[in-house]
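Here's a walk through one protein chain, taking its side-chain packing a piece at a time. Have the viewer open and follow along.

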Amino acid sequence: MSFSQFTSQDYEVINRDYAKLHESAVKRCANEAELEVVQRAFEFANEAHKNVRRRSGEPYMLHPIAVAQIVVDDIGLGYKSISAALLHDVVEDTDYTVEDIREHFGDKIASLVDGLTKIKNVLDTEQKTHGTDLSQQSLQAENFKRILLTMNDDVRVVLIKLADRLHNCRTIEHMPEHKRDKILSETMFIFIPLAHRLGLYSIKSELENIWLRYKEPEAYEDIKARIDREVAGKGAEMTAFIQPITRALDAAGFHYELKKRIKTPYSVWRKMQSKGVSFDEVYDLYAIRIIFDTDPNSKESERDQCYHIFSIITGIYRYMPERLRDWVKHPKSNGYEALHCTLLSDSGIWVEVQIRTRRMDDIAEKGIAAHWVYKQHGMMGEGDYEMDNWLNRIKDILVNPDINALELLDIIHNDLTATEIYVFTPRGEQRSIQKGATALDFAYLIHSEVGHKSIAAKVNQKLVKLDHVLKTGDKVEIITAEDARPQPEWLKFLITHRARTLVTDYFKAQRKQTVEFGRKSLEQATESIGLELDERLLQRLEAAYNVESRDELYYGIGIGTISLDNFEDIIKRSSGTRMSWIRRVLRLDAQHPEKSEAPAGETIIIGSSDPDAPHFHIATCCNPIPGDPVVGFKAPDGTVTIHKKSCKVAETIAATHGDWVVVPKWLEQAEDASFLVRISLKGIDRVGMLNDITRYLSLVMGVNMRRLSLQAESGLFEGYIDLYVNSRDILDKLIKKLSSIEGIDNVTRSEL
């Protein structure tokens with residue numbers, strides 16, 4: 001922030017933006033008294049932030065106005081939340097206190113501002129040193145724990161914080177790159193999943209697109225341009241697709257609104273990455289949304305009226321049965337309800353159709369805020385109960401005193417991003433449980449004692465072991481025995497937080513013996529690979545396994561939550577050993593130059609004999625190459641690990657250790673540098689196809705192949721090639737050329 005006298009143009013811009021907010025607040029406030037509180041909050045904040053500017057140079061007051069605009073328009077909160085959004089930076093950035101806010105605006109608004117101030121304080125707090133104390137290293141995880149704990153007091157604090165994060169991301173170009181990486185990683189790891197779980201889809205989608213624009217800029221621009229071209233070229237076909245549907249719904253007497261929708265660049269990119277497909281293979285690029293008003297006089301329920309519309313539109317177009325998603329009968333845990341189907345237009349375009357009632361649409365767009373409104377009016381749908389169940393489950397996790405910050409962050413992240421399945425008890429009662437859950441997870445879902453005494457299960461009348469993975473529709477019966485007890489090996493296959501916590505708690509009485517057993521196991525594993533378990537190695541292992549104490553490391557090994565199966569790989573990844581084949585030049589702009597082994601901006605030649613150069617390690621999880629957008633993490637021992645910016649592992653590290661973030665730049669590379677990548681191919685098989693591929697790679701491009709795996713069946717082939725390249729430019733040329741070979745339908749870079 002900076003300070004300079006406001007001009008008349010500055011005041012004009014502030015008043016213009018507030019006039020728009022005031023217009024929205026008029027529709028949201030119940031009476032003049034509520035609107036008057038919003039007006040006073042604006043005047044108070046406007047005076048407090050007078051002559052203060054953001055990094056962009058614009059008046060600071062534009063930020064709280066923008067946050068309040070998101071709060072009212074995109075989330076649908078009331079006057080207290082609008083006022084708190086206007087005031088959210090006053091206590092942190094000016095001389096006013098929470099007591100001043102309480103005196104002028106009452107307890108509730110003061111409480112909201114206090115919660116927002118605490119969140120900002122913990123997010124802005126940075127570690128002072130790169131010490132080896134894991135309690136210091138996990139400071140950012142502790143920060144997130146405090147943020148999430150505000151959900152216990154008033155979830156509106158988190159909702160307003162989401163609005164604040166959205167506006168900060170909208171203006172993130174004014175941030176230095178290391179701060180952008182930290183903020184965007186926090187956003188992807190916690191705030192985007194939170195927005196999804198709280199039902200705020202428009203906020204979630206916008207945050208995802210901003211993330212992609214900065215993490216994978218080339219991919220974002222390419223996909224956005226292709227979407228724009230696709231929409232421009234297929235507009236008439238979409239209109240033709242919609243016309244028969246509107247005629248049929250009008251004839252059936254429905255009162256409805258029909259909206260067109262196109263997949264976002266992020267959702268297209270995510271599908272291309274996860275499915276290994278090209279842009280042209282994303283067949284559900286288009287969607288329309290049918291939002292209808294339920295007929296209060298109809299004998300049909302909301303659900304039946306959705307099915308009625310489904311029967312009408314599938315009578316016009318053929319649908320894809322495997323793409324039918326019935327979230328009316330089985331709502332998502334965030335309360336989302338809708339019926340999705342994918343129809344084939346007369347011109348051959350697959351179009352997703354989403355069917356919702358007005359109530360379902362309100363909850364889908366405004367999330368938990370709309371959920372509260374309908375709950376207060378006694379208009380609860382099936383999805384509303386799922387939302388309440390999820391909030392209660394999160395609160396139970398948050399208040400557990402035995403969970404440390406890093407564990408909590410992992411638990412919450414996994415819970416936020418988990419997909420659910422639906423299974424049934426022997427009596428036919430439906431229960432939702434995390435996808436990938438086992439029969440034993442289900443036993444603990446029923447009751448702790450049922451889980452403790454489990455010995456086997458029957459799934460669909462068939463006897464199975466406790467580690468049997470469940471799927472939607474399974475009917476599950478748990479078999480117990482009075483003398484049965486929990487076993488340590490259960491922790492190897494339990495995935496739900498409740499089950500793992502109950503089993504872990506059971507073994508706490510034997511903690512001393514378990515810690516000693518873990519220590520001896522680690523010593524044996526270290527000796528088996530010819531190393532000594534010294535202090536330096538233990539510090540690296542604590543960081544690698546994300547634990548906060550030596551005792552916790554030993555205990556985790558002792559009860560089996562920390563596996564030593566890949567122990568040697570963990571040692572290699574955490575050692576920071578220089579790899580002789582790395583020959584590139586990187587510029588390191590450190591977030592905290594005083595903590596770096598090299599000053600910010602100094603050119604560091606990797607592989608040189610310079611004793612002061614930090615050890616660099618190329619992350620094997622994403623295998624970045626020159627030309628990829630990359631981010632670096634400088635661990636307490638000085639080792640810098642390079643990841644692709646879009647790497648999931650990098651997102652996790654940045655979210656838990658934001659102060660480790662440094663900014664490496666690809667500047668140049670030695671001629672002998674080469675980097676391992678994988679490309680996946682598929683297409684129509686023909687005689688000579690393999691020869692054409694290998695000849696081009698070896699003779700034309702001079703590329704060294706490490707592994708080739710192509711399989712042909714029924715005239716089609718698919719597979720992958722692992723090869724070494726010098727840069728992203730070379731890889732892009734290679735992919736473009738291979739795509740032009742006759743019969744090859746798709747060539748993409750994929751994960752090793």
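Let's start with aromatics: Phe44, Tyr96 and Phe105 come together as one aromatic cluster. Keep in mind that this is a predicted model. Across the structure, the count of aromatic pairs comes to 11.

One of those pairs is Trp211 with Tyr266, an edge-to-face arrangement with 6.0 Å centre to centre and 85° between the planes. It ties together distant parts of the chain, since Trp211 sits in helix 12 (residues 201-215) and Tyr266 in helix 14 (residues 265-275), 55 residues apart. Both Trp211 and Tyr266 are buried. Tyr266 also has a partner in Trp269: their ring centres are 5.9 Å apart and the planes meet at 40°, so this pair counts as tilted. Here the two residues share helix 14, three residues apart, or about one turn of the helix. Tyr266 has a relative accessible area of 8%, so it counts as buried, and at 6% Trp269 is buried too.

Next, look at how helix 23 (residues 511-528) packs with helix 25 (residues 550-559): the angle is about 90° and the axes are 7 Å apart. That angle is why helix 23 is described as roughly perpendicular to helix 25. By class, their contact has eight nonpolar, four polar and four charged residues. On the helix 23 side you'll find, among them, Arg511, Val515, Phe517 and Leu522, and the helix 25 side includes Asp551, Leu553, Tyr554 and Ile557.

Asn51 has a positive phi of about 65° despite not being a glycine, and you'll find it in the loop between helix 2 (32-48) and strand 2 (52-53). Gln461, also not a glycine, has a positive phi of about 70°; its loop runs between strand 11 (454-459) and strand 12 (462-464).

Notes. Residues numbered from 1 in each chain as written. Predicted model: local features only at pLDDT ≥ 70, side-chain atom pairs only at ≥ 80, totals over all residues. Heavy atoms only, no water. Helix = DSSP H or I, 4+ residues; strand = E, 2+ residues; numbered from the N terminus. Axes fitted to C-alpha atoms, helices over the stretch in contact; angles between N-to-C directions. Parallel < 35°, antiparallel > 145°, perpendicular 65-115°, else oblique. Contact = heavy atoms within 4.5 Å. Nonpolar A, V, L, I, M, F, W, Y, C, P; charged D, E, K, R; others polar. Phe/Tyr/Trp six-rings, centres within 6.5 Å; stacked < 30°, edge-to-face > 60°. Buried < 20%, exposed > 50% of the residue type's maximum accessible area, 1.4 Å probe, protein only.
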